[in-house]
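Here is a note to read alongside the structure, written as a few numbered points. Please keep the view open while going through them.

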Amino acid sequence: MHPVKTIALSVALAASAGMAQADETLDAVKSKGFVQCGVSQGLPGFSNPDDQGNWTGLDVDFCRAMAAAIFNDADAVKYTPLSAKVRFTALTSGEIDVLARNTTWTMSRDSDFGEFIGVNYYDGQGFMVPTNLGVSSATELDGAAVCTNTGTTTELNVADYFRANGLNYTVVAFEKADEVVAAYDAGRCDVYTTDRSGLAAQRTKLSKPDDHVVLPEIISKEPLGPLVRHGDSQWADVGRWTLNCMINAEEAGITMENVADMATSADPNIKRILGADGDLGSKIGLDNAFCANVVAAVGNYGESYDRNVGPDTALKLDRGVNALWTDGGLLYAAPQR
Amino acid sequence: MAINDNANPQGVVHDGNLPDKPAPMATEGAVAWMRDNLFNGPFNSILSVLALALVLYVLPGMLSWLIFNANWTGGAEACRVNPDGACWPFVSSRWEQFLYGFYEKSERWRIDILLIILAIGIAWLVIERLPGRTFAAILMLFVYPVFAFFMLYGNEKMGLPIVETSQWGGFTLTLVIALSGIVASLPLGVLLALGRRSKMPIISLLSTVFIEFWRGIPLVAVLFMATIMFPLFLPAGVTFDQLLRAVIGVALFSSAYMAEVVRGGLQAIPKGQYEGAMALGLPFGKMMRLIILPQALKIVIPGIVNTFIGLFKDTTLVLIIALFDLLGVVQASIADPNWSIRSVPYTGYAFVAIVFWVCCYSMARYSRYIEDKLHTGHKR
């Protein structure tokens, strides 16, 4: 048989074997006693090991929240660090149960690799320039030298944006983020472009962080979210409602501290969220109080945000579009009822 | 020796040898050494001056960054105040992570014990005055790997909790991959080299195909195949330990290189050695073990150690399949937003470079020593 056909057949077999696994992930996870969570190899604020070797970050908090929802124990997680290249294979091959690795939700990825269960961070590509360049908008960047990473969508986005606005530019591309920062800091280019969360993280590494500004333009949509394997809607629901629970809890004012008191609240919405009323949790195979457990262990979305990427952290990211819809942001979780 | 210069007025009489005069400046001392080694001819003089200029150009900045202007104490804050020197507190605050990776904290004593035994074992093998070195060799080559596996992975029956290989990391993981590669590749390489030179066509063909296949693909591709392609061939739910996949890949890869190194040694043995062995009536196994291989391996010690050093450094490639060897752990640590300081990535990489240099240079020195010890006239 032709080797390509052999591979194709094997992939097809593997895929069909994956189908047979449908609707079993939650049971499998429960029986092994932990969630196997795919994270990055180190992305500041999203998933990185701290001084003690514990994984922390916004994506890590989501994994911990899932563990809290299932086991009422946020530490029942094992992390598989994945490079950008192997992340989807790890998910489809069953090596991990959920992939929370700052992955942009796109149509092709949703159809090819797995089911996105929501958005836990709205990112977008932005520009940073030195203040003394005197530029206040990206439309003034005609003829600029742009520093960026090679082989990522950021490079393509820049090309699209500059062409659409009829601007000339030169790309200075590097393999690693540290090299890009060093080049930008040394003045080898006028503009540094990457996702805005990345700009915030890298800005602290500049010799004079205050001499640089992030321009207001956002030239791409990068909704980052966790994803699970195709074909297991129960497991997808567990993930989706864990995330929704964290957002709804913030909206309802339920925090890590007051969650115990809130359980006795008279507000029917809060009672439903915390499982004091109804049997929403058991419908997706969880404890009715799963959301109370999540908030008690990890906090609501806002608490997780502030702890990992918020203004008081080294990343100093304002909530911006990641605020609740009631505060003018994009976070709008379906109600738990 | 007595010198009697003035006792006899008729002349100078020496009743012994004159003391040696110091050699002229032209053939001895620093100046002569420099002239012989650095300035013998216009081309070498130019090169020496350029090299010296390069050293003078680079060294002060390097020393200042690494040592004199570096931050040695304090935490991230100290480094943030002075980002123009290395940030060693970053390394000291995380050295445990760099050594153990994400290995369970309460179980790290197991690694400590293994490292101590490894150090003792190596010392035992290296220091010649010590008795029972054959015993030590057998212990370290055959017993220790098995023992190390049970210690690292754990065994419920032995009362050691299981620690998944995904939690292994840091320098421990580098050692695990490098040592298993080294221990597996030498015997495999010898077998493959013998197989390739065999007169039996099937064995020769299989060995050649194996060697040329593994030598023909890059290690990165091997690791990617092991990590990405391989799981797709297995039924879903069946997983095969990722570290094991990588270790097997590295071992097979380096055994192909080792085979060619050993084959070079085999080909350097004069035919008379084979004929002499056969004339003594030695069967093939004994001929190889007693006559050919000891000579062949001795010739190719530099090549073997070269392959070992290459293998040791190649272990950092497992980074791309998300195994956290020393380099991987350092890179992940750099991402910590609390240490997001300009000097931190450079410090991390400098630390990795120093660790690797020390390990590789030790191997190189030991190989030189063995060569000198076994020097029986072949060395030129």
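1. A definition comes first: two residues are in contact if their C-beta atoms, placed from the backbone, lie within 7 Å. The model is a predicted one, and in it the contact between the two chains takes 34 residues from chain A and 33 residues from chain B. On the side of chain B that touches chain A, at least two residues each come from helix H4 (88-100), helix H9 (219-233) and helix H14 (326-334) of chain B. The residues of that side of chain B divide into 18 nonpolar, eleven polar and four charged.

2. How many helices and strands does chain B have? Chain B has 15 helices and two strands. Its radius of gyration is 28 Å, whereas a compact globule of 380 residues would have one near 21 Å. Along its principal axes, the C-alpha trace of chain B spans about 110 × 75 × 45 Å.

3. The crossing in which H14(B) passes H15(B) is right-handed. Leu326(B), Leu327(B), Val330(B), Ser333(B) and Ile334(B) are the residues of H14(B) that meet H15(B), where their partners are Val344(B), Pro345(B), Gly348(B), Phe351(B), Val352(B) and Val355(B).

4. In chain A, please look at an open sheet of five strands, with mixed pairing and the order E10-E9-E11-E8-E12. Strand E10 (169-174) and strand E12 (212-214) of chain A are its edge strands, each pairing on one side only. Neighbouring strands of the sheet are turned by 30° against each other on average, direction ignored.

5. Strands of a sheet pair through backbone hydrogen bonds, either parallel or antiparallel. Which of these two directions applies to strand E8 (residues 125-130) and strand E11 (residues 191-195) of chain A? These two strands run antiparallel and are joined by four bridges, and Gly126(A) stands opposite Thr194(A) in E11(A).

6. Helix H6 (residues 153-164) of chain A packs on the sheet, where it touches E8, strand E9 (144-149), E10 and E11 of chain A, and its direction makes about 155° with that of E9(A). Helix H7 (residues 177-185) of chain A lies across E9, E10 and E11 of chain A, and runs at about 160° to E9(A).

Notes
Residues numbered from 1 in each chain as written. Chains lettered and ligands numbered in written order. Predicted model: local features only at pLDDT ≥ 70, side-chain atom pairs only at ≥ 80, totals over all residues. Nonpolar A, V, L, I, M, F, W, Y, C, P; charged D, E, K, R; others polar. Pairing = 2+ DSSP bridges. Axes fitted to C-alpha atoms, helices over the stretch in contact; angles between N-to-C directions. Left-handed = near helix turned anticlockwise from the far one by under 90°. Rg over C-alpha atoms; globule rule 2.2 N^0.38 Å.
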